[in-house]
Amino acid sequence: VAAADKLGNEVEIIRKIIVKMPPDVVLKSLLVSHNTMVLFKLPTGSNAEDVKRIESRQLRVRGIYSDGVKRKLTFSDSGTTYTSSDEDIATVSPEGKVTAQNIGKTRIIVKNGKFNKIVDIVVKPYK
């Protein structure tokens with residue numbers, strides 16, 4: 001939100017806005033940013049900033065609703081959950097951040113309500 005203080009200086013106000021959906025607007029399907037995600041695993045002892053930057057990626061989830069509107073559903077407060085089928089290969093945070101653990105393949109199951117999507121994860125060695 002853009003606003004001005006008493007002196008006329010522009011100030012920025014950050015507020016969380018909660019939108020209540022009419023009861024007849026329902027989730028019809030999920031869209032996920034990736035069907036397949038490739039991650040890279042750095043060698044043990046790599047720089048922590050490089051590990052953070054290279055070994056993790058964020059999933060993005062949107063829902064298509066009965067009113068035709070696509071809404072963001074990435075974060076857990078929207079009811080979206082994430083599960084890794086093999087946490088030895090890749091883990092996933094409650095907010096959808098996928099992190100490589102070891103070389104291999106796994107899947108992330110993304111769920112919201114009665115809908116789910118599967119994201120194939122491939123972890124390769126970083127060169």
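Two strands are taken to pair if DSSP finds at least two bridges between them, and strands (E, at least two residues) and helices (H or I, at least four) are DSSP runs numbered from the N terminus. The legends below describe a predicted model, in which local features need pLDDT of at least 70 and side-chain atom pairs count only at pLDDT 80 or more, while totals for chains, interfaces and linings use all residues. Residues are numbered from 1 along each chain as its sequence is written, and side-chain values use heavy atoms, with hydrogens and water left out.

View 1. Strand 9 and strand 10 (residues 97-100) run antiparallel and are joined by three bridges; Val92 has Val98 in strand 10 as its bridge partner.

View 2. Between strand 3 and strand 6 (residues 61-65) the antiparallel pairing extends over five bridges, with Arg62 in strand 6 as the bridge partner of Leu31.

**View 3. Strand 12 with strands 4 and 11.** Strand 4 (residues 36-41) pairs with strand 12 (residues 115-125) in the parallel sense over six bridges, and Phe40 stands opposite Lys124 in strand 12. Strand 11 (residues 104-112), by contrast, runs antiparallel to strand 12 and is joined to it by nine bridges, with Lys111 opposite Asn116. The hairpin of strand 11 and strand 12 has two residues between the strands, and in this hairpin Gly113 takes a positive phi near 60 degrees.

**View 4. Surroundings of Ser85.** Ser85 lies in the loop between strand 8 (81-84) and strand 9 (90-92). Not counting residues up to four places away in sequence, Ser85 touches Thr106, Arg107 and Ile109, contact meaning heavy atoms within 4.5 Å. The side chains of Ser85 and Thr106 are joined by a polar contact of 2.9 Å (a pair of N or O atoms within 3.5 Å; within protein, one must be able to donate a hydrogen and the other to accept it, and residues adjacent in sequence count only if both atoms are side-chain atoms). The C-alpha atoms of Ser85 and Ile109 are separated by 7.5 Å, although these residues are 24 residues apart along the chain.

**View 5. Surroundings of His34.** His34 lies in the loop between strand 3 and strand 4, and its side chain makes a polar contact of 2.9 Å with the side chain of Ser33. Leaving aside residues up to four places away in sequence, His34 touches Arg57, Gln58, Leu59 and Val119.
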